[in-house]
Amino acid sequence: MPSRNDSKIIIVGGGGTIGCSTALHLVRSGYTPSNITLLDTYPIPSAQSAGNDLNKIMGIGLHNPVDLRMSLEAREMWREDELFRPFFHNTGRLDCASSVEGVKGLREEYEEMRSGGSGLENTTEWLDDEKAILAKMPLLERRNIEGWKAIWSEDGGWLAAGYAINAVGEYLKAQGVNFASGEAGSFVKPLFDADGTTCIGCETQDGSQYFADQVVLAAGAWSPTLVDLEGQCCSKAWVYAHMQLTPEEAAEYKGVPVVYHEDFGFFFEPDEFGVIKVCDEFPGFTRFKPHTPYPLTSPTRMSVPRSHAKHPTDTIPSASDASIDLAIRTFLPRFVDKPLFNKRLCWCTDTADAALLCCEYPGWKGFYVATGDSGHSFKLLPSIGKHVVAMLEGSLDAELAHAWRWRPGGDALKSKRAAPAKDLSHMPGWRHDATVG
Ligand code: FAD
């Protein structure tokens with residue numbers, strides 16, 4: 001095994017969330033920057049990265065102990081690390097529910113927060129009625145939140161996601177890390193030594209060959225389409241839209257908490273240009289079609305992402321227009337007539353148990369996957385790369401190695417969500433070109 005000084009590493013998807021974090025931690029751990037190569041279809045911050053977005057929620061994952069541990073570690077870095085601190089907006093967060101089942105689940109979540117000894121007991125509060133919710137967020141309309149309960153997280157907020165990835169990219173460029181994009185940056189297949197068991201690099205769409213000691217595939221929603229992941233990841237799209245406030249409106253909404261309701265969606269404080277992003281909440285959309293990931297030799301039916309970057313006329317299904325409209329009527333009724341712009345599908349990849357898939361590819365020595373974000377991994381940007389580096393060095397913490405192991409089986413189509421994803425082929429309204437595929 002070469003030393004940190006000499007080791008050559010390729011990161012596929014290096015313009016995205018997990019990929020650029022990995023490169024950052026390689027550099028911070030003493031790897032020679034000129035030995036690190038980041039391949040991505042688009043320059044960093046990649047136009048098709050799920051993380052290249054106006055904002056994301058800084059939430060604390062409570063699905064399992066690993067989730068909680070990872071979230072707390074990341075939050076610490078968003079607060080303390082010089083590179084990341086400017087991008088954490090600590091506005092607080094309201095997680096709301098109103099159905100009987102929803103309130104029951106929310107209360108259980110709250111009890112878990114209070115009991116874990118994680119410190120969350122000091123920063124979270126149960127809000128039992130509209131009055132308590134309005135005290136935290138007076139700009140909601142009382143008539144729209146009747147019967148709502150909420151958890152208030154004083155230490156929550158939002159992350160200026162695209163800006164943060166860009167900052168990592170600027171740092172990596174200044175350090176002398178190598179980048180390739182376009183066809184020269186688009187992974188096609190791994191390359192192997194003569195006996196076919198050790199990965200020695202990879203080939204990209206223009207036929208370029210890159211050689212390295214280790215290759216990390218961190219291609220997000222595209223990962224299962226590039227190499228066969230044995231059904232462990234199912235790629236899905238979620239939806240967002242933006243509205244422009246006037247300067248007076250933006251001033252009024254400045255500093256508002258992130259408001260999330262499991263039946264409606266969520267919205268964020270306006271950015272510095274007065275733009276508010278609104279999302280609905282649903283189990284995602286797939287796009288099933290025949291596709292042949294390496295090394296399969298015949299097509300299999302799988303969900304294949306289609307990025308807005310490559311298909312700029314794509315918008316969102318008509319059903320999503322309706323559910324985003326409902327979210328706006330609920331959260332921001334005074335803005336219901338504002339035109340929406342930048343309506344996009346944004347792609348992630350779910351595993352069956354919503355834990356990452358972060359391990360060496362069985363039978364391919366030196367080829368690793370770092371994917372399976374399951375739609376909640378942007379918050380890990382500052383810290384996830386540290387663990388990917390540990391994986392490359394064979395020193396990944398046993399608890400993480402177990403949670404993120406190769407584990408075929410299970411239902412990635414449904415994952416931990418309320419229902420299986422619907423397919424975009426049944427969702428009219430998002431496609432406005434004549435391109436086949
Ligand atoms: P990405 O960041 O998508 O990176 C994958 C990269 O691979 C891309 O840059 C892509 O260009 C590249 N690539 C693709 N094909 C190739 C190829 N052939 N060769 C080379 N490169 C390639 N998370 C949160 O923590 N909080 C939130 O509030 C939140 N909200 C979300 C809202 C929406 C609408 C969506 C869609 C996601 C949200 N997420 C959130 C999830 C989060 O964005 C993802 O979990 C995370 O960004 C995934 O990181 P990744 O590195 O796996 O993939």
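This is a predicted model: local features need pLDDT of at least 70, side-chain atom pairs count only at pLDDT 80 or more; totals for chains, interfaces and linings use all residues.

Modeller: Residues are numbered from 1 along each chain as its sequence is written. Helices (H or I, at least four residues) and strands (E, at least two) are DSSP runs, numbered from the N terminus.

Helix α5 spans residues 161-175, 15 residues in total. From first C-alpha to last it reaches 22 Å, close to the 21 Å expected at 1.5 Å a residue; the expected span is 1.5 Å times one less than the number of residues. Buried in α5 are Ala161, Ala164, Ile165, Val168, Gly169 and Leu172. Buried means 20 or more other C-beta atoms within 10 Å of the residue's own, with C-beta atoms placed from the backbone. Seen down the axis of α5, these buried residues fall within an arc of 140°, so they line one face of the helix. The arc is that of the directions from the helix axis to the C-beta atoms. Just after α5, Gly176 has a positive phi of about 95°.

Now the wider setting. The largest nonpolar core has 120 residues. Such a core is a set of buried Ala, Val, Leu, Ile, Met, Phe, Trp, Tyr and Cys residues joined through C-beta atoms within 7 Å. Among the residues touching the most other members are Ala23, Leu159 and Val215. Strand β14 (residues 234-244) gives the most to this core: seven residues.

Key: A residue is buried if 20 or more other C-beta atoms lie within 10 Å of its own, exposed if 12 or fewer, and partly exposed in between; C-beta atoms are placed from the backbone.
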